[in-house]
Amino acid sequence: MGLLDLDKIIIKRTILGIRCSACGGNLAATTTKSMRARLIRWLSLGSVKPKNYECEQCRKRYLLL
Ligand SMILES: [Zn+2]
């Protein structure tokens with residue numbers, strides 16, 4: 001169960017310095033991999049690792065390269 005707790009911490013971790021452009025809320029990293037993120041990673045042969053972020057307030061999703 002330790003691994004599960006670690007996942008929660010990673011999901012809840014707030015990325016400092018990155019703000020939602022829509023509402024100014026905090027962006028939290030999400031572990032869910034979108035199709036777009038997977039495609040970019042595949043096209044770049046693994047050299048680019050896109051990260052997904054989600055706004056804690058308006059739930060807007062961001063993809064950081
Ligand atoms: Zn927002």
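Let's start with confidence. pLDDT is the predictor's confidence in each residue, on a scale from 0 to 100. What we have here is a predicted model, so a ground rule applies: local features need pLDDT of at least 70, side-chain atom pairs count only at pLDDT 80 or more, and totals for chains, interfaces and linings use all residues. Residues are numbered from 1 along each chain as its sequence is written.

How does the chain score? Its mean pLDDT is 76, and 74% of its residues reach 70 or more.

Now the layout. There are 2 helices and 4 strands in the chain. Along the sequence the pattern reads α-β-β-α-β-β.

Next, burial. A residue is buried with 20 or more other C-beta atoms within 10 Å of its own, exposed with 12 or fewer, and partly exposed in between; the C-beta atoms are placed from the backbone. On that scale, buried residues are 3% of the 65 in the chain. Helix H2 (35-43) is hardly covered: of its 9 residues, the count of buried ones is 0.

On to the strands. Two strands pair if DSSP finds at least two bridges between them. S2 and S3 run antiparallel, with 4 bridges joining them. Look at Thr30: its bridge partner in S3 is Asn52. S3 and S4 also run antiparallel, joined by 4 bridges. Two residue pairs to find on screen: Tyr53 stands opposite Tyr62 in S4, and Glu54 has Arg61 in S4 as its bridge partner. In a regular strand, as a general rule, side chains alternate between the two faces of the sheet.

Now the backbone angles. Most residues other than glycine have a negative phi. Two residues here have a positive one. Take Leu45, with phi near 55°. Where does Leu45 lie? In the loop between H2 and strand S3 (51-55). Leu45 is exposed, because 7 other C-beta atoms lie within 10 Å.

Then Arg59. S3 and S4 form a hairpin with 5 residues between the strands, and there Arg59 takes a positive phi near 65°. Strand S4 covers 61-64, and Arg59 sits in the loop between S3 and S4. Is Arg59 buried or exposed? Exposed, because 10 other C-beta atoms lie within 10 Å.

Last stop, Cys20. Cys20 is in the loop between strand S1 (14-19) and strand S2 (26-30). Why does Cys20 count as partly exposed? Because Cys20 has 18 C-beta neighbours inside 10 Å. Contact, for this talk, means C-beta atoms, placed from the backbone, within 7 Å of each other. Setting aside neighbours within four places in sequence, Cys20 is in contact with Gly25, Leu27, Cys55, Gln57, Cys58 and Lys60. Consider Gln57: it is 37 residues from Cys20 in sequence, and 8.8 Å away in space, C-alpha to C-alpha.

And the whole chain? Of contacts between residues at least 6 apart in sequence, 44% join residues at least 24 apart.

Conventions: Contact = placed C-beta atoms within 7 Å.
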